[in-house]
Amino acid sequence: MSDQDLIVQHVPVPASRLILLFHGVGSRPEDLVPLARLLAEAHPDAWVVSVRSPESSNLGSGWQWFSVRGVTEENRPARVAEAMLSFVRCVRDWQARAGVDAAVTTLIGFSQGAIMALESTQLPETLADRVISLAGRFASAPRVAPAQTQVHLLHGERDQVIDPRYSLMAAETLRALGGGVSVELLPNLGHGVDARVASRVKALAG
């Protein structure tokens, strides 16, 4: 939890739900505020927070959970694992503030934020009952199916930053492991969030 996190909506504690949004590398929590406001309107009894990543981005502006400079398929998992302690602490801190537990927590991540949210489902402890990935991927193929977490994967078919095939492969693997997962590819969408994605997130958030 950072002083730079943006609380878009807070309600008396305990809240009915906590919705946390995590931006992409080189971005800022302000970038997800329009989506956060839409979710606040749909969930008036929820806390809705757009979280700022802890490190200054080495891309020149914004923030990051881990560096993508020189990132490869081989070293990405270690970078994510190193950042995961801070990610878990952030989620737990906001749960404490909102007076909720994992059973009523939604994690929504875009790009690198989605990587962190998805990889959190591979931990022994349950952080959330649903994770919504926007243009994201697992750091490596999922190893376990989170028993208490529903995973939703939304991805633009024309994404040239994170290949949408990663979402398709993750969904196939999670299903084979017995996990609860949905996947949707959006035609004519690149690496971004449009009105169609926002509408689906609103329906899936809890």
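Tutor: In this predicted model, the largest cavity is lined by L134, A135, L154, H155, G156, L186, L189, G192 and V197. Strand β8, residues 150-156, provides the largest share of that lining, with three residues. By residue class, the lining consists of six nonpolar and three polar residues, with no charged ones. The volume of this cavity is about 30 Å³, and a search of the whole structure finds one cavity of 30 Å³ or more.

As background, nonpolar side chains in soluble globular proteins tend to be buried together. Here the largest nonpolar core has 36 residues. Within this core, the residues with the most contacts are L20, F22, W65, F87 and L107. At least two core residues come from each of β2 (17-22), β3 (46-51), α2 (76-98), α3 (112-120), β8 and α4 (165-176). Of these, α2 gives the most, nine residues.

F22 can be followed in detail. Apart from neighbours within four places in sequence, F22 is in contact with L32, V51, W65, F87, C90, V91, L107, I108, G109, F110 and G113. There is also a second, separate core, made up of 22 residues, and among them are L21, I108, L154 and L204.

Key
Residues numbered from 1 in each chain as written. Predicted model: local features only at pLDDT ≥ 70, side-chain atom pairs only at ≥ 80, totals over all residues. Heavy atoms only, no water. 1 Å grid on protein atoms, 1.4 Å probe; cavity = no way out; pocket = protein on both sides within 12 Å on 5 of 7 lines; lining within 4 Å. Points joined across faces, edges and corners; volume = space filled by probe spheres on them. Helix = DSSP H or I, 4+ residues; strand = E, 2+ residues; numbered from the N terminus. Nonpolar A, V, L, I, M, F, W, Y, C, P; charged D, E, K, R; others polar. Core = buried A, V, L, I, M, F, W, Y, C linked by side-chain atoms within 4.5 Å. Buried < 20%, exposed > 50% of the residue type's maximum accessible area, 1.4 Å probe, protein only. Contact = heavy atoms within 4.5 Å.
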